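Thanks for coming, everyone. Please look at the sequence and the structure while I talk.

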Amino acid sequence: MAVIDRLLKWLEVPINIMLWLGLIAGFLMMVHVGIDVTGRTVFNRPLVGTTEIVAGWYMVAIAFLPWGWLESRNNHIVAGMFEHVGGPRFNFWLNVVVKICTCVFVAVFTWQTYIRAVQQTRSGEVWEAAGGFIPIWPSRWSLPIAGGLMATYMALRVVSDLASKRPR
């Protein structure tokens with residue numbers, strides 16, 4: 001059990017880094033869009049590629065990088081409407097089943113996004129903007145990395161819950 005707890009603690013380091021990267025991306029997106037809007041309305045000079053950079057980089061980071069952090073705080077998917085049906089034992093097993101189902105889904109998501117990230121990296125994926133091309137392929141890797149961290153943390157959490165918190 002101590003090994004699982006150590007692994008969970010160790011995983012919190014990259015999980016917290018991913019959270020901060022997502023927060024920084026959110027801040028940079030606000031600054032970028034603010035400068036673009038100001039340039040467009042005040043100086044009649046918008047920043048080229050803002051829409052593509054926001055959609056291809058910032059939004060991906062904001063949406064996916066904090067996944068592991070959400071799971072580490074137990075703030076991800078829950079079956080709240082069923083928690084009042086049974087007692088503590090029912091709630092425990094409901095939580096375990098939901099985590100296992102979510103973990104399987106996230107593992108499949110991670111595998112599929114990994115395959116796509118490899119394909120897009122090999123092809124050198126770019127999006128066309130008014131002023132040229134913007135490379136997008138590096139942002140494709142944030143999905144399998146975030147999903148992999150979340151699935152790993154969730155699987156370890158299920159093992160930890162089954163080993164130590166099981167109601168009698």
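Searching the whole structure gives four salt bridges. The term means a side-chain nitrogen of Lys or Arg within 4 Å of a carboxyl oxygen of Asp or Glu. Side chains of opposite charge can pair when their charged atoms come close.

Before the details, some ground rules. This is a predicted model, where local features need pLDDT of at least 70 and side-chain atom pairs count only at pLDDT 80 or more, while totals for chains, interfaces and linings use all residues. Residues are numbered from 1 along each chain as its sequence is written, and side-chain values use heavy atoms, with hydrogens and water left out.

Now find Lys 99. The side chain of Lys 99 meets that of Glu 71 in a salt bridge, at 4.0 Å from N to O. This pair links distant parts of the chain. Lys 99 is in helix H4 and Glu 71 is in helix H3, residues 67–72, and the two are 28 residues apart. When I say helix, I mean a DSSP run of H or I with at least four residues; a strand is a run of E with at least two, and both are numbered from the N terminus.

Lys 99 has another partner. Asp 161 forms a salt bridge with Lys 99, and their closest N and O atoms are 3.5 Å apart. Asp 161 lies in helix H5 and Lys 99 in helix H4, so this pair ties together parts that are 62 residues apart in sequence. Put together, Glu 71, Lys 99 and Asp 161 are linked in a network of salt bridges.

Is Lys 99 buried or exposed? Lys 99 is buried, because its relative accessible area is 4%. Buried means under 20% relative accessible area, exposed means over 50%, and partly exposed is in between, using a 1.4 Å probe and protein chains only. Glu 71 is buried too. Asp 161 counts as buried because its relative accessibility is 5%.

Next, look at Glu 125. Glu 125 forms a salt bridge with Arg 140, with the closest N and O atoms 2.6 Å apart. Glu 125 lies in the loop between H4 and strand E1 (126–129), and Arg 140 lies in the loop between strand E2 (132–135) and H5, so the pair ties together parts 15 residues apart in sequence. Glu 125 counts as buried, at 10% relative accessibility. Arg 140 is partly exposed, at 28%.

**How the helices pack**

Start with H4, residues 88–123, and H5. Their axes come within 8 Å and cross at roughly 155°. Axes are lines fitted to C-alpha atoms, for helices over the stretch in contact, and angles run from 0 to 180 degrees between N-to-C directions. H4 and H5 are therefore roughly antiparallel to each other. Angles over 145 degrees count that way; under 35 is roughly parallel, 65 to 115 is roughly perpendicular, and the rest are oblique. The crossing of H4 and H5 is left-handed. That means the near helix is turned anticlockwise from the far one by less than a right angle; clockwise would be right-handed.

Now H1, residues 2–42. H1 packs with H5, residues 142–164, at an angle of about 155°, and their axes are 10 Å apart. So H1 and H5 are roughly antiparallel to each other, and their crossing is left-handed.

H1 also meets H2. The axes of H1 and H2 come within 8 Å and cross at roughly 160°. That makes H1 roughly antiparallel to H2. H1 passes H2 in a left-handed crossing.

Most residues other than glycine have a negative phi. Asn 44 has a positive phi, near 55°. Asn 44 is exposed, with a relative accessible area of 64%.

Another loop lies between E1 and E2, and Ala 130 is there. Ala 130 is exposed, at 82% relative accessible area. Which distance separates the C-alpha atoms of Ala 130 and Thr 50? They are separated by 10.0 Å, yet are 80 residues apart along the chain.

Ile 145 is placed in helix H5. Ile 145 and Gly 68 are 77 residues apart in sequence, and 9.7 Å apart in space, C-alpha to C-alpha. Ile 145 is partly exposed, at 43%.

That's my tour. Thank you.
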